[in-house]
Amino acid sequence: MSQQSTLTRRRFIKLGSGTAGALVLTSCVGEGMGGMMAEDSAEVAAIIEPTLQPLPTAAATVAPTTSATVAPDVFTPDVEITLRVTHTKIQLLEGERTTILRYMGELINGPADTLSLIPDSYLGPTIHLNRGQKVRIRMVNELPAPTIIHWHGQHVPEDMDGHPLYEVEAGETYVYEFEVLNRAGSYWYHPHAHRQTGGQTYYGLAGMLIIHDEEEAQFALPSGEADLPLVIQDRSVAPNNSLIYIDNAHDVMHGYHGNEVFVNGQPNYVHDVATQPYRLRMLNGSNSRVYKIAWDDGEPLTIIATDGGLLEAPVVRPFVLLSPAERLDAWVDFGRIP
């Protein structure tokens, strides 16, 4: 199999399965991303049945025993967001529409650029936060199953970290309140429900979380449309365009591998670029696949950041490997390529 994701006009990144020697974007899962048993697959499939309707949010209640409910008046947020966890149908491929799970975001209070959408994607909104901001996020569970959100890589209190212990049932709301302590970097958010983390993430519940700070601002790195998230995931699609997840014992034992590679929630992803520098924020959001990433013309990759934020100096490599849940930021100047 060979797939490619194209960055036009100048160069493209290639995708493929993880065979040795291939210079390609390829996939694996981090802890908790793929540990579903076979009997759970039916439960996940039931979550996305087309006949299901979103639960009424009026019945939502705040989950107990959180710092938000103990002292709700002490915390004054700089940013306030509502994230609805729901299911819907989208036109993923030609033909029948595909039922997916999705985070739907609404900015209640804060800078206008806090939430941004990846066009034509099932992924949740990209959340932009600044170090030092106080954040309140209301997660409203409109799924007919428990869920909770984990802020992957963030330093937050235990009850704000999305442990399965704090998962909420259908129709309930969980209130997150925390101060952004992390340095600038590329992070992400995804479910962490007990025994349903892999399935819920696979069916669409994921989004980028980008932290900014003054340390990073001094370098005048590409921003706006030139700061491009690239979420890489593999998927298997049935003839009726429904998504297939863990349908055999091999997947259970070795982790799920899809037969198509999606970037930013799209197969055969193409993004037009201008003749200027870009920052490519790459996230491996797959369940079990490790990707080998390189430019198709043999030019080296310039890596400026990893999971922990900016490196002390750029690192140049002929290719990089990206395991599940890992992030890498690459810098490229498309204006230098004839």
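Biologist: Which residue in β6 is the bridge partner of S116?

Modeller: The model is predicted, so local features are taken at pLDDT of at least 70 and side-chain atom pairs at pLDDT 80 or more, while totals for chains, interfaces and linings use all residues. Residues are numbered from 1 along each chain as its sequence is written, and side-chain values use heavy atoms, with hydrogens and water left out. As a general idea, strands of a sheet pair through backbone hydrogen bonds, in a parallel or an antiparallel sense. Elements are DSSP runs numbered from the N terminus: helices are H or I runs of at least four residues, and strands are E runs of at least two. Two strands are said to pair if DSSP finds at least two bridges between them. Here the partner of S116 in β6 is T126. Their C-alpha atoms lie 5.2 Å apart, at a sequence separation of 10 residues.

Biologist: In which strand does S116 lie, and is S116 buried, partly exposed or exposed?

Modeller: S116 belongs to strand β5. Accessibility is sorted by relative accessible area: buried is under 20%, exposed is over 50%, and partly exposed is in between, with a 1.4 Å probe and protein chains only. S116 is partly exposed because its relative accessibility is 28%. Strand β5, residues 115–116, pairs with β6 in the antiparallel sense over two bridges. L115 is the residue opposite I127 of β6.

Biologist: How many residues of β6 are buried, and how many bridges join β6 to β11?

Modeller: Strand β6 covers residues 126–130, and four of its five residues are buried. β6 and β11 (residues 207–212) run parallel and are joined by four bridges. In that pairing, L129 faces I211 of β11. These strands belong to an open sheet of five strands, ordered β5-β6-β11-β10-β8, with mixed pairing. Its edges are β5 and β8 (149–152), each of which pairs on one side only.

Biologist: What is the strand order in the open sheet of four strands?

Modeller: The order is β4-β3-β7-β9, again with mixed pairing. Its edge strands, pairing on one side only, are β4 (98–109) and β9 (173–179). From one strand to the next the twist averages 20°; for such angles, axes are lines fitted to C-alpha atoms (for helices over the stretch in contact), and the angle between N-to-C directions runs from 0 to 180 degrees. Strand β3 (residues 79–90) is antiparallel to β4, with 11 bridges between them. T86 of β3 stands opposite R102 in β4.

Biologist: Why does T86 count as buried, and which side chain makes a polar contact with that of T86?

Modeller: T86 counts as buried because its relative accessibility is 3%. A polar contact is a pair of N or O atoms within 3.5 Å; within protein, one must be able to donate a hydrogen and the other to accept it, and residues adjacent in sequence count only if both atoms are side-chain atoms. The side chain of T86 has such a contact, at 3.4 Å, with that of E142.

Biologist: How much space lies in the largest pocket?

Modeller: In general, a probe the size of a water molecule, rolled over the atoms, shows where empty space is left. On a 1 Å grid over the protein atoms alone, a cavity is a set of points where a 1.4 Å probe fits but cannot get out, whereas a pocket is an open set with protein on both sides within 12 Å along at least five of seven lines; lining residues have an atom within 4 Å of a point. Grid points are joined across faces, edges and corners, and the volume is the space filled by probe spheres set on the points. The largest pocket holds about 810 Å³. It has 37 lining residues, and those closest to its centre are S116, H128, G224, E225 and D227. Strand β6 gives the largest share of the lining, four residues.

Biologist: How many residues of that lining are nonpolar, polar and charged?

Modeller: The lining has 16 nonpolar, 12 polar and nine charged residues. Nonpolar covers Ala, Val, Leu, Ile, Met, Phe, Trp, Tyr, Cys and Pro; charged covers Asp, Glu, Lys and Arg; the others, Gly among them, are polar.

Biologist: Where is A220 found, and what is its phi?

Modeller: A220 sits in the loop between α4 and β12. Its phi is positive, about 50°, although A220 is not a glycine. A220 is exposed because its relative accessible area is 68%. R195, also not a glycine, has a positive phi near 65° and lies in the loop between β10 (185–191) and α3 (197–202). R195 is partly exposed, at 38% relative accessibility.
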